[in-house]
Amino acid sequence: MRTPTTSTHPAELLRRATDALWTDGDLTTSRIHFDAAYRAAEAAGDHHTRTLAVTGMGGLWVHEHRTTSDATLLRHRLHHAIADTDPHTPLGIRLRARLAAEQDYRTATHTDTLALVAQARTTGDPVTLTETASLAHHCLLGPDHTRLRHELSQDALTAALATGRRSDLLVALLWRTVGQFLDTDPQAERSLAELHDHLTHRDHLAVSYVAHAIDVMLTIRAGKLTEARARAATCAQRGTAAGDADTTGWYGAHLTTIAWYQGHLADHLPMLRELAVSPTLSAVDHSYRSALAVAYALAGHRREATATLARLHGNDLTTLPRSSSWLVTLHGIVEAAHLLDDGHLATEAYDLLTPHADRPMLASLAITCFGSTQHALGTAALTAGETDRAITHLHAAVHDNLSLGHLPAATLSRARLAQALDQRSGPHDRREAERQRHLAHTDATELGITLPTPPARPHTPHRPHTPHRPRIQCHRHGRHWQLTLGHRTATIDDSVGARYLATLLANPGYDIPAIQLAGGAAPTTDHQPVLDDTAKRAYQRRLRDLDTAIDDADNAHDPHRAEQARTERQWLLDELAAHTGLHGRDRGFTGNTERARIAVGKAIRRALNRITTSDPILGDHLRTTISTGTRCSYRPS
């Protein structure tokens with residue numbers, strides 16, 4: 001690391017700052033020199049040098065200034081520089097892009113930053129384009145922005161070749177590599193190797209740190225967990241040398257991922273408690289709180305796990321920012337919900353994750369990975385009691401994790417698949433469960449990982465005799481609703497969801513269409529199932545024929561014919577699952593009925609969350625007796 005110069009000449013300080021940032025990637029030294037250049041230029045009345053110093057004060061990445069005082073100072077200086085600069089010049093666009101990116105990043109949005117990238121394209125200035133494209137990348141790391149990331153990478157690479165600044169090319173190559181990992185592009189590891197080759201000729205501390213953090217992720221995927229732990233420690237040292245604000249969080253992410261696969265996550269409770277409230281974390285990173293909920297649940301601290309989840313998602317999971325850690329955060333929520341047997345929360349997470357089934361659950365700049373999103377979908381479906389759907393997703397998770405080269409994740413997916421098959425207990429499930437369990441245990445032994453113990457299920461979905469449960473009484477008092485069960489009472493504010501609940505509680509045992517609860521008209525032809533009843537019956541007949549064919553092939557010791565029948569059987573199950581929602585709902589064209597199902601379900605879950613906060617026992621009672629979907633009901637018995 002360079003030491004601050006004693007020179008007070010603004011231009012010299014600016015040169016040293018620029019050299020530290022763009023040549024060496026030394027974030028700490030560049031921050032010191034940019035601040036010194038700003039102060040010296042301000043004292044000398046050198047407004048141009050002061051403005052140039054502001055452009056570099058944010059650093060190479062977005063949100064490098066984590067403390068409130070540093071972030072406020074940066075915003076103040078940016079506003080001051082913008083006021084003194086023509087907004088349509090390249091320098092004016094660079095300043096406004098930095099301010100917009102810092103704001104967009106904290107709100108998990110990107111509109112303002114992308115608008116400035118569009119302006120940068122019109123300037124013909126490659127430095128302006130490469131800087132604004134890099135800033136915009138930070139705001140597009142969620143799972144929804146594949147096309148935008150690709151376009152920005154192309155812009156950044158083209159501009160980098162024209163700037164003459166080596167670091168522009170390194171940063172552009174890094175963003176291309178990160179985007180390829182996020183999108184499961186088979187060229188991702190080749191791009192990473194190309195980046196390492198550039199860094200071998202001359203190091204760049206900031207870019208090299210990220211590249212080595214990705215190396216740790218790949219080492220975990222390969223199942224070399226002991227080696228990954230050592231690499232993570234070395235990587236953290238690189239982060240400290242570079243002055244990267246993410247060093248603490250990324251090192252914790254590496255250790256948390258390793259502990260998860262080794263079965264020791266509960267042992268890391270002190271670290272997770274500290275990291276969940278650490279000021280070094282990104283403003284939109286909630287993954288440590290979800291990991292903390294999982295660790296609490298694994299340690300048997302049910303109350304603490306439930307409270308941590310409540311603080312994390314509030315009344316609605318949709319409020320979580322779609323940041324670079326969103327998929328990993330939902331993975332933790334699903335795992336915690338599974339351990340706590342919270343089917344409502346699992347269903348809510350399932351709906352959010354479904355569009356991203358083909359994505360890996362990567363965090364930040366691809367620095368850690370928990371495998372395929374199919375695994376989280378399978379776990380969520382299993383928790384919600386949708387065993388057939390869970391098996392379909394978990395079969396896909398095993399395949400996708402093997403395609404990723406994520407051996408520990410594939411092993412855990414096999415173990416959970418065996419758990420789902422045991423739960424379904426069909427004519428061929430026991431044999432397949434034993435096969436998957438044997439493979440999982442064999443791989444776990446070789447990889448040195450610990451398979452999780454399936455949680456006890458206090459409420460099984462097909463229990464033949466359920467003891468009578470007393471009914472909840474619900475009464476409105478002005479702007480509040482009072483719910484009573486025996487001597488227990490919970491009071492919540494009036495809301496749409498509370499009114500829906502009151503209607504269900506007043507009609508125990510009756511199915512009420514969600515569209516009726518929402519006050520809409522009776523459903524007409526707004527929902528057209530992809531599979532009609534005739535097609536579904538044909539599928540079911542073929543499934544029965546295939547069951548017989550599998551038995552005959554097994555009895556005849558013909559594994560090839562048996563495997564062909566199993567493959568077709570799984571394909572048919574996948575087709576049925578693809579055209580129905582959770583709980584067997586037909587999947588078709590979205591209309592009034594579907595909109596009512598989503599809106600009513602969310603409103604009821606928000607009301608249940610408030611009741612659980614007021615009285616957990618009442619909340620648990622309602623979660624096991626209220627059903628939502630196209631039709632909703634309260635069944636106390």
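**Entry 1**

By the cut-offs I used, buried means under 20% relative accessible area, exposed over 50%, and partly exposed in between, with a 1.4 Å probe and protein chains only. The structure is a predicted model, in which local features need pLDDT of at least 70 and side-chain atom pairs count only at pLDDT 80 or more, while totals for chains, interfaces and linings use all residues. Residues are numbered from 1 along each chain as its sequence is written, and side-chain values use heavy atoms, with hydrogens and water left out.

Which residue meets R488 in a salt bridge? I found D615, at 3.1 Å from N to O. A salt bridge here is a side-chain nitrogen of Lys or Arg within 4 Å of a carboxyl oxygen of Asp or Glu. D615 lies in the loop between helix 27 and helix 28 (616-625) and R488 in strand 5 (residues 488-493), so the pair ties together parts that are 127 residues apart in sequence. Helices (H or I, at least four residues) and strands (E, at least two) are DSSP runs, numbered from the N terminus. I noted that D615 is buried, at 7% relative accessibility.

**Entry 1: other salt bridges**

I searched the whole structure and got 32 salt bridges. Side chains of opposite charge can pair when their charged atoms come close.

I then checked R605, which forms a salt bridge with E348, with 3.6 Å between the closest N and O atoms. This pair links distant parts of the chain, 257 residues apart: R605 is in helix 27 (residues 592-614) and E348 in helix 18 (residues 343-353). Are R605 and E348 buried or exposed? Both are buried.

R231 and E227 also meet through their side chains in a salt bridge, at 3.3 Å from N to O. They sit 4 residues apart in helix 12 (residues 225-242), which means that about one helical turn separates them. R231 is partly exposed, with a relative accessible area of 36%, and E227 is partly exposed as well, at 35%.

I found an open sheet of 3 strands in the order 6-8-7, with antiparallel pairing. The edge strands are strand 6 (512-513) and strand 7 (626-627), each pairing on one side only. Two strands pair if DSSP finds at least two bridges between them. Strand 7 and strand 8 (residues 631-634) run antiparallel and are joined by 2 bridges. I saw that I626 stands opposite Y634 in strand 8.

Helix 23 (residues 496-505) lies across strand 6, strand 7 and strand 8, at about 65° to strand 8. Axes are lines fitted to C-alpha atoms, for helices over the stretch in contact, and angles run from 0 to 180 degrees between N-to-C directions. Contact means heavy atoms within 4.5 Å.

**Entry 2: L13**

I located L13 in helix 1 (residues 10-24). L13 is buried, with a relative accessible area of 4%. Between L13 and F34 I noted 21 residues in sequence and 7.1 Å in space, C-alpha to C-alpha.

**Entry 3: confidence**

I checked pLDDT, the predictor's confidence in each residue, from 0 to 100. The chain has a mean of 87, and 88% of its residues reach 70 or more. Where is confidence lowest? It is lowest in helix 26 (residues 559-578), at a mean of 67, and highest in helix 11 (residues 205-221), at 98. Over residues 458-468 pLDDT stays under 50, and the model has 7 contacts beyond four places in sequence for them. Residues 520-531 also stay under 50, with 27 such contacts.
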